[in-house]
Amino acid sequence: MKKYFIYSLPILFIIGSIGHFIYEWSYNNFLIGLIFPTNESIYEHTKLVLVPLLIFYVYGYFKYKQDINKWSTTFLISLFLSTISIPLLYYFYTGAFGFESLLIDILIFLLSLILGQLLAYHYFKYSNKSLKFKYSLLICIVFLIINVIFTTLPPNIPIFIINNFSFFLVKKILYNV
C-alpha cells in the first residue's frame with residue numbers, strides 16, 4: 001500500500017496540473033468551474049487537488065478493497081491538508097520574501113500533494129480509528145457545497161482576488177501574449 005501512495009504522487013500532480021486548464025478548455029462551462037479553477041486566485045488553485053485525490057481514492061478503494069470507513073477518512077485527511085497547504089505555503093513565501101514565482105507556485109502544489117498523501121498514509125497505516133463512511137460523505141458534500149458557494153459568490157478578500165502576476169505569466173507562457 002505504501003507504494004500505491006508514493007507512486008501516485010506524479011500522477012496526482014499531472015492530473016492536477018491538467019486540471020488547471022480544464023475550465024478554459026470547456027469554454028468556461030459553469031459546472032466544470034465548480035470543481036476546477038476558473039481564475040488565477042489563490043482560492044481557485046486549491047481546487048486543483050480535489051479531482052486527482054477523488055480519482056486516487058475511489059480507484060484505490062475498488063482495487064484494494066479497503067475498509068470504506070478508514071479509506072474515506074484517509075481521503076478527507078489528504079484532501080484537507082493538501083487544500084489548506086496551498087494558501088498557507090503561498091502566503092508564507094510571498095509574505096516572507098516579498099516576491100512571486102510561477103515555479104515556486106507549481107512546487108507548492110506538488111508539496112501540498114506530498115504533505116496530504118504523507119499524513120493520509122501515516123493515518124492509514126497506524127490509526128485504528130475512523131469516521132463512519134456516512135460522516136465522511138457528509139463532510140465531503142459540505143466541502144463541495146462550500147466550494148460552490150465560494151466559486152459563485154467569492155468574498156472580497158485577498159485569497160479570492162485574481163493574482164494578476166500569475167495570470168499574466170500563465171497567459172504569456174501559454175499564448176505568447
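Author: What follows is a set of questions about labels, each answered from a value and a definition.

The model is predicted, so local features need pLDDT of at least 70 and side-chain atom pairs count only at pLDDT 80 or more, while totals for chains, interfaces and linings use all residues. Residues are numbered from 1 along each chain as its sequence is written, and side-chain values use heavy atoms, with hydrogens and water left out.

Reader: Why is Y43 called buried?

Author: Buried means under 20% relative accessible area, exposed over 50%, and partly exposed in between (1.4 Å probe, protein chains only). Y43 has 8%, so Y43 is buried. F160, with 11%, is buried too.

Reader: What makes Y43 and F160 an aromatic pair, and why is the pair called tilted?

Author: Rings of Phe, Tyr and Trp (its six-membered ring) pair if their centres lie within 6.5 Å; planes under 30 degrees apart count as stacked, over 60 as edge-to-face and the rest as tilted. The centres of Y43 and F160 are 4.9 Å apart and the planes make 40°, hence a tilted pair.

Reader: Why does the pair of Y43 and F160 tie together parts apart in sequence?

Author: Y43 lies in helix α3 and F160 in the loop between α7 and α8 (164-175), so the parts joined are 117 residues apart in sequence. Helices here are DSSP runs (H or I, at least four residues), numbered from the N terminus.

Reader: What makes the pair of F92 and F97 edge-to-face?

Author: The planes of F92 and F97 are 85° apart, with 6.2 Å centre to centre. F92 is exposed at 54%, and F97 is exposed at 54%.

Reader: How do you know that K70 lies over the face of F124?

Author: A charge sits over a ring if NZ of Lys or CZ of Arg is within 6 Å of the ring centre and within 35 degrees of the ring normal. K70 is 5.4 Å from the ring centre of F124 and counts as lying over its face. F124 also belongs to one aromatic cluster, whose members include W71 and F75.

Reader: Why is V58 neither buried nor exposed, but partly exposed?

Author: V58 has a relative accessible area of 41%, so V58 is partly exposed. V58 is placed in helix α4 (residues 50-64).

Reader: How far is V58 from W71 in space?

Author: V58 and W71 are 9.1 Å apart, C-alpha to C-alpha, and 13 residues apart in sequence.

Methods. Helix = DSSP H or I, 4+ residues; strand = E, 2+ residues; numbered from the N terminus.
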